[in-house]
Amino acid sequence: MPASPDSAATPSLDRRTFLKAASALGLGLAAGSPLGRAAESVSTSRRRRYALVGTGSRSLLYQDAIETDFRDHAELVGLCDTNPGRLELIRDRSQRLGGRRPPGFAAADFERMIATTKPDYVIVTTVDGTHDDYIVRAMEAGCDAISEKPLTTTPEKCQRIVDARARTGRTCRVTFNLRYSPPCTHVKDLLMSGEIGDVLSVDLHWMLDTSHGAEYFRRWHAHKKNSGGLMIHKASHHFDLVNWWLGAVPESVFATGKREFYTPKMARRLGLSGAHERCLTCPEKSRCSFYLDLAGDPMLKEFYLDQEKHDGYFRDRCIFRPEVDIEDTMNVLVRYNTGATLAYSLNAFSSWEGYTVAFNGTKGRLEHSVGAPTAAGRAPYGTTRISILPLRGPAREIVPWTGTGAHQGGDKVMLEDLFLPSPAPDKYLRAADERAGAASALVGMAANRCFTTGQPVIIKDLVRGLGPPVYAPMPGGDAPVPMPPPLKT
Ligand SMILES: NC(=O)c1ccc[n+]([C@@H]2O[C@H](COP(=O)([O-])OP(=O)(O)OC[C@H]3O[C@@H](n4cnc5c(N)ncnc54)[C@H](O)[C@@H]3O)[C@@H](O)[C@H]2O)c1
């Protein structure tokens, strides 16, 4: 990752104060960071043993990492899924990657998998609403858990995880890959450097286009019992980013949400006769531009269409069907323990894909965006911008840090942090545990509650015994703020 020329350019009192605090904290990082807390119980001299539950598309990232780039340090010892067909595909895939064909286990045999394969860690990549079950069972069986985001979907499930962590002393890591995406880390670096002073408010607007956004209405995500809705499944990424960018803990939430685009009524307004069961058998497929051809995509066919016979899961359900119970339009206000506030929106039928975020600080404003509208109507993650707009000073564009691969190279950086026995010290403290996982998911849970009650939600009322996440120190408090230059006429 290139060094940031900008963050070093303007030393200030804030920055010096901050660096002093950071260096003081450096002495205590091992105790204060999630990784320090997750004291390494596993020797670094032998390969760590990983079992994985949930052998769907996301599991491939971890399988590839364990069996290729990190094979000297890691070993995939067991696989588990409710769908025996997908389970076999992933077992075969291990062999193709050059590894041993790991034993496969039905979901009911999860404890037997742990007893016979003796993993150090269990990686959880099942549907969101089942994460808690496997995290708790893994910790009860003496393993550390590594969970995909979101940590979980309801306050009750979150409580189970918090209680199991306290009871078992095992650890739970949550893989927030966006923290590792180079531009997101760059923004964190600029905020940590005190470039815009302390942040008093944030505006974050996330757009999912009618390809990516529509996907959530076809799959298991379309039901809150599986995904918690987009406030949890999708926005837990975004709430975590803001929590981590600010180094702050969310305290209260007010929100509104509705579904107005992916509805039977909209199907009719688009000229269809209404919603149908699924694309495969849709009588109007030739007239619907949202049609998904499962049979025409080799991966989708092999992983989902060919495996339907085992569990009846259709990966191409009609996005307009009435039984969908998640929102497509959401607006959220969050207040933080630092006094900072967040105004957030998520739209799942946007004409372009990406996000814009603006931080309003005591010394100026930082604006960052990923994606941009194009003549073709779609430019996913095409354009990345960061600019600094000092109070009463000239705005300047900053060349964002870049990377290649999934999530702008973030997945690769995260995997190194996850699988190397001695990862490089990380001044951004990007490794997250269940406290950060909860802090992000609880914002979504609070928003979901607010959607139905119309009342603001106090987050600490949702879960007991949850400690604050560990974040790198940020500028703030009562440090002096430089008087802005006089206004130029
Ligand atoms: N961080 C990211 O960028 C990112 C990207 C995609 C998915 N994810 C997360 O990864 C997880 C998996 O998503 P996916 O896209 O791979 O979904 P998927 O539908 O492709 O795979 C889910 C798998 O879980 C299995 N499963 C369902 N219920 C189960 C149960 N009770 N016990 C055991 N197995 C069960 C399914 O059979 C399927 O094989 C989700 O939590 C999702 O939020 C994260």
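What percentage of the 489 residues in the chain is made up of buried residues?

## Overall architecture

In this predicted model, buried residues account for 46% of the 489 residues in the chain. The secondary structure of the chain consists of 18 helices and 16 strands. Of the contacts in the chain between residues at least 6 apart in sequence, 75% link residues that are at least 24 apart.

## The nonpolar core

The largest nonpolar core contains 122 residues, and V122, V253, L442 and A446 are those with the most contacts inside it. Helix α18, which spans residues 434-453, gives the most to this core, contributing 10 residues. In soluble globular proteins, nonpolar side chains tend to be buried together.

When its neighbours within four places in sequence are left aside, L442 is in contact with C158, I459, L462 and V463.

## Backbone features in loops

A cis peptide bond joins K149 and P150, with an omega of about -10 degrees. P150 is placed in the loop between strand β5 (144-148) and helix α8 (155-168).

K118, which is not a glycine, has a positive phi of about 50 degrees, and K118 is found in the loop that runs between helix α6 (110-117) and strand β4 (121-124). With 14 other C-beta atoms within 10 Å, K118 is partly exposed, because a residue counts as buried if 20 or more such atoms lie within that distance and as exposed if there are 12 or fewer.

L429 likewise has a positive phi, near 50 degrees, in a residue other than glycine, and L429 has its place in the loop between helix α17 (410-419) and strand β15 (432-433). Is L429 buried or exposed? L429 has 24 other C-beta atoms within 10 Å and is therefore buried, whereas K118 is partly exposed.

## The ligand shell

The ligand is surrounded by 21 residues, of which the closest are G54, G56, R58, N83 and E148. How many residues of each class does the shell around the ligand have? By class, this shell has four nonpolar residues, 11 polar residues and six charged residues.

E148, one of the closest residues to the ligand, also lies within the range given for strand β5 (144-148), and the loop that holds P150 is placed between this strand and helix α8 (155-168).

Methods
Residues numbered from 1 in each chain as written. Predicted model: local features only at pLDDT ≥ 70, side-chain atom pairs only at ≥ 80, totals over all residues. Helix = DSSP H or I, 4+ residues; strand = E, 2+ residues; numbered from the N terminus. Contact = placed C-beta atoms within 7 Å. Core = buried A, V, L, I, M, F, W, Y, C linked by C-beta atoms within 7 Å. Near = placed C-beta within 6 Å. Nonpolar A, V, L, I, M, F, W, Y, C, P; charged D, E, K, R; others polar.
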